[in-house]
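Open the model in your viewer and keep the selection panel at hand.

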Amino acid sequence: MNALMSHASGQALQILCPMHVHISSGGRILSLGRTLVKVQPLANARGRNFFEYFGVVHPQSCETVADLARNAGRTLKLRASSGATFNAVAAPDEAGGVIVDLSFGIRVVGAVREHGLTGSDFSPTDLTIEMLYLVEAQTAAMSASRGLNVRLHGAVIEAEERAYTDPLTGLQNRRAMDVVLSQMIALKVPFSLLHLDLDYFKQVNDTLGHAAGDHVLQEVARILVQETRDEDTVARIGGDEFVLMFDQLVDRAKLTDIAVRLIAHLERPIAFGGQTCRISGSLGITRSVDYAAPTAERLLSDADQALYASKRAGRNRHSFFDAATSGHCAQPQPEA
Amino acid sequence: MHGLVNCSLQKFMTDTYGRAQWEDVVRAGNCTVTDFESMLQYDSQLTEQILKGAEQVLQKPRAVLLDDMGTYLVSHPNVENLRRLLRFGGSNFLEFLYSLEDLPGRASLAVPDLLLPDMAVEDISPNVFLLHIDVWLNGFAQVITGLLRAIADDYGALVVLEALPKTATCETLQVTLFEADFAQGRQFELGATA
């Protein structure tokens, strides 16, 4: 064979196929691509038998140079003596040998990382670099998108927290009540605060289920809105706890009327899915005019004390907090 | 304007001048957004407002700010992934310069709605090149100038950049490559990150 021509094609192979193995008709390795040498222990492989270093996994029984030549152009799966696998293709040369060109296949991303390969390890027309670029760019874009999703999700939660409406009943929520209460205190308008805790609501939930419980809460909300004026505030501040604030209304007789009417209304049976739910309510009332300097905390805690006086006295009744005796609640009477 | 552009401006200014200065820039520019999301689109007016605010607060002409930003994009550790993506363009400075012609295509492969201006490289002599950049964001050629200077350092190449008079449709930079291997560049491993 012409030595010059052999040299020329060797150089061409080195440029075009940096992962090739050129094998003589006798199976000796004539040349190895520069990148293949980087990734496999092939330093002393030149002149030795190809099949010492590589076995053909697919197709089966491909064990000689002639077998490789017969499978020219087909996809070959090779396993190197190191255990690494490669996709490959064989092409016969003009002297009875074959040129086998190897590729990492889909594991290229890992292989590039493992062996610290650079752009010059690939032929400029090989799209591996573009693929690696794309993998990295997509990963970066994906992580930016994921970051956006996480932040948007956080913003939704924050918006929900900032909302002033109780989603189940449409009443104002605890946060709204805090705002209104502190406004009324700051404006020094006379008002009364009524704390309502439903009686027997737990039984409804336990025996008839949460759907019935939700229905009852919605009915209660409707009743509370119906029994109060537009300028009053009605808020659901907990599971079955409500706070009502009566703007410019501090007359005990009127408040008593309202309390009695409310409890009577709450005690009307509520129908739900063929069942009847029965509840009532315990009320505690405190008035801003009973304090020299009312604070939100104090009003809420005092209304709560009055409420518990009602509960202790047997439920379904109301009590006023008596600021003068500081904690002694007016003897609650049953409303019915 | 794509959020990546505004986001880059924000990162550049916060990393270089600090968060408080950035907030001043936003205020001075009457900008309605303080924190930009890289994956959203914004009104182009906002980008102008940021740059106006920045000129006022940071007391630097727009050209200098954008040049600094170009350098920042390639050299600051907080935007290392962008430098990496750019370095995929070529294994030496000249290959990189030619790869700028592919930049809009590369960008939209990664982020489909990111539209960058077309760029073309004209060979004048073996070491003198003209980079023509279609008119886009006012001052974009300055960003590219800063970026090219920094990426030349990254490759260890010695280059001189000069802005030529711009036309209505195109800004042109003259790039003179004195030495491709002037200094030891920074490492670039294709598969360095997970």
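What follows is a list of selections in a predicted model, with what each one shows.

**Stop 1: chain A.** Select chain A and colour by secondary structure. Its secondary structure comes to 11 helices and 14 strands. Chain A has 336 residues, of which 43% count as buried. Among its contacts with a separation of 6 or more, 52% are between residues 24 or more positions apart.

**Stop 2: cysteines.** Select Cys17(A) and Cys277(A). Cys17(A) has a relative accessibility of 18%, below the 20% cut-off, so Cys17(A) counts as buried. Cys277(A) is buried too, because its relative accessibility is 1%. How many disulfides are there over all chains? The count is 0. The rule asks for a pair of cysteine sulfur atoms within 2.5 Å.

**Stop 3: the contact between chains A and B.** Select the residues of each chain that touch the other chain. On the chain A side there are 21 residues, in contact with 19 residues of chain B. The area buried between the two chains is about 1800 Å², and carbon and sulfur atoms give 63% of that area. Now pick out Arg113(A), Tyr133(A) and Glu136(A). These supply 36% of the area that chain A buries against chain B, more than any other three residues.

**Stop 4: the largest pocket.** The largest pocket has a volume of about 1200 Å³. To find it, centre the view on Leu4(B), Ser8(B), Leu73(B), Leu82(B) and Leu114(B), which are the closest to its centre of the 46 residues in the lining. Helix 6 (128–162) of chain A supplies at least two lining residues, and so does each of several helices of chain B: helix 1 (3–17), helix 4 (62–75), helix 5 (80–87), helix 6 (93–99), helix 7 (103–110) and helix 8 (140–155). Which helix gives the most to this lining? Helix 6 of chain A does, with 8 residues. Colouring the lining by class gives 33 nonpolar, 8 polar and 5 charged residues.

**Stop 5: the second largest pocket.** The second largest pocket has a volume of about 710 Å³. Select Gly119(A), Gly90(B), Ser91(B), Asn92(B) and Glu95(B), the closest to its centre among its 32 lining residues. Helix 6 of chain A is again a contributor, and helix 6 and helix 8 of chain B also each supply at least two residues. The largest share, 3 residues, comes from helix 6 of chain B. By class, the lining of the second largest pocket has 10 nonpolar, 12 polar and 10 charged residues.

Stop 6: Over the whole structure, a search finds 1 cavity of 30 Å³ or more. The volume of the largest cavity is about 40 Å³. Select Gln40(A), Pro41(A), Leu42(A), Tyr53(A), Phe54(A), Ala80(A), Ser81(A) and Ser82(A) to show its lining. These residues divide into 5 nonpolar, 3 polar and no charged.

**Stop 7: one residue in chain B.** Finish at Gln10(B), in helix 1 of chain B. Is Gln10(B) buried or exposed? Gln10(B) counts as buried, because its relative accessibility is 9%. Leaving aside residues up to four places away in sequence, Gln10(B) touches Arg19(B), Trp22(B), Thr34(B), Asp35(B) and Phe36(B). Helix 1 of chain B was also on the list for the largest pocket, where it supplies at least two residues of the lining.

Methods. Residues numbered from 1 in each chain as written. Chains lettered and ligands numbered in written order. Predicted model: local features only at pLDDT ≥ 70, side-chain atom pairs only at ≥ 80, totals over all residues. Heavy atoms only, no water. 1 Å grid on protein atoms, 1.4 Å probe; cavity = no way out; pocket = protein on both sides within 12 Å on 5 of 7 lines; lining within 4 Å. Points joined across faces, edges and corners; volume = space filled by probe spheres on them. Helix = DSSP H or I, 4+ residues; strand = E, 2+ residues; numbered from the N terminus. Nonpolar A, V, L, I, M, F, W, Y, C, P; charged D, E, K, R; others polar. Buried < 20%, exposed > 50% of the residue type's maximum accessible area, 1.4 Å probe, protein only. Contact = heavy atoms within 4.5 Å. Buried area = accessible area lost by both parts, 1.4 Å probe.
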